[in-house]
Amino acid sequence: VNISENRGYDNQPFFMRGGREILFTSTRNGQTDIVKYNIRRKSKTWLTETEGSEYSPTQIGNSQNFSAILLEKNGTQLLYNYSMRTGEGEVLVPGLKIGYHAWIDRHRLISFVLGDPPSLTLSNLKEKTNRIVDDTIGRSLHAVPGRKAMSYVSKKENQWTINAYNPETGQINNLTRTLGKSEDVAWTPSG
């Protein structure tokens, strides 16, 4: 089913908790905004309407808030926290040019921070800290089902690998190699 009904940029779907709704990025009036799609009702609700473009919507825990990257017209790119009810947003991680992110819990996240090379950064919002965990990484960041670990792609070696990072211990384990130079990963619920 084509849920976007759009011929522009429709990307980065995120299934919300409970599986009844999907957040995604969609083009509207020459820029991207965030849409919530209700699967049962087959209806769309536009959640943002800023002068910039939003990307990578991700529900924050079980809350009615989501995070997204806001790329402003002047080139500033920051991670924001938005209310699904009002569309109001506020900066979550000041000063870091984040391209992609994944939540560990309501107060911690890992992110792909743009740079040369891009880094895997752990941010603790309560403590207002950011710590580089690894560098030369890919954009695909996910919680590993059934484990207290977050996965990411390491591009340090010629043969890229999928690694698991434990935010409690700081330990990084190599899980497997990627398929060629493919950096996009998805997990099944069974892990």
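**Figure 1. The hairpin of β3 and β4 in a predicted model.** Four residues lie between β3 and β4 in this hairpin, and Lys42 in the turn has a positive phi of about 55°. Strand β4 spans residues 43–46 and pairs with β3 in the antiparallel sense over four bridges. Asn38 stands opposite Ser43 of β4.

**Figure 2. The hairpin of β2 and β3.** Here two residues separate the strands, and Asn29 in the turn has a positive phi of about 55°. Strand β2 (residues 21–28) runs antiparallel to β3, and eight bridges join them. Leu23 has Lys36 of β3 as its bridge partner.

**Figure 3. The burial of strand β3.** Eight of the eight residues of β3 (residues 31–38) are buried, so the strand is largely enclosed by the rest of the structure. In a regular strand, side chains alternate between the two faces of the sheet. In β3, Gln31, Asp33, Val35 and Tyr37 point one way, while Thr32, Ile34, Lys36 and Asn38 point the other way.

**Figure 4. The largest nonpolar core.** This core has 12 residues in all, among them Phe14, Leu23, Ile34, Phe66 and Tyr80. The elements giving two or more residues to the core are β6 (65–71) and β7 (77–83). A second, separate core of 11 residues includes Leu120, Ile137, Leu141 and Met150.

**Figure 5. An open sheet of four strands.** The strands follow the order β9-β10-β11-β12, with antiparallel pairing. At the edges, β9 (98–105) and β12 (129–135) each pair on one side only. The twist averages 25° from one strand to the next. Six bridges link β11 (residues 119–124) with β12, and Ser119 stands opposite Asp135 in β12.

Note on methods: Residues are numbered from 1 along each chain as its sequence is written. This is a predicted model: local features need pLDDT of at least 70, side-chain atom pairs count only at pLDDT 80 or more; totals for chains, interfaces and linings use all residues. Side-chain values use heavy atoms; hydrogens and water are left out. A nonpolar core is a set of buried Ala, Val, Leu, Ile, Met, Phe, Trp, Tyr and Cys residues joined through side-chain atoms within 4.5 Å. Buried means under 20% relative accessible area, exposed over 50%, partly exposed in between (1.4 Å probe, protein chains only). Two strands pair if DSSP finds at least two bridges between them. Axes are lines fitted to C-alpha atoms, for helices over the stretch in contact, and angles run from 0 to 180 degrees between N-to-C directions.
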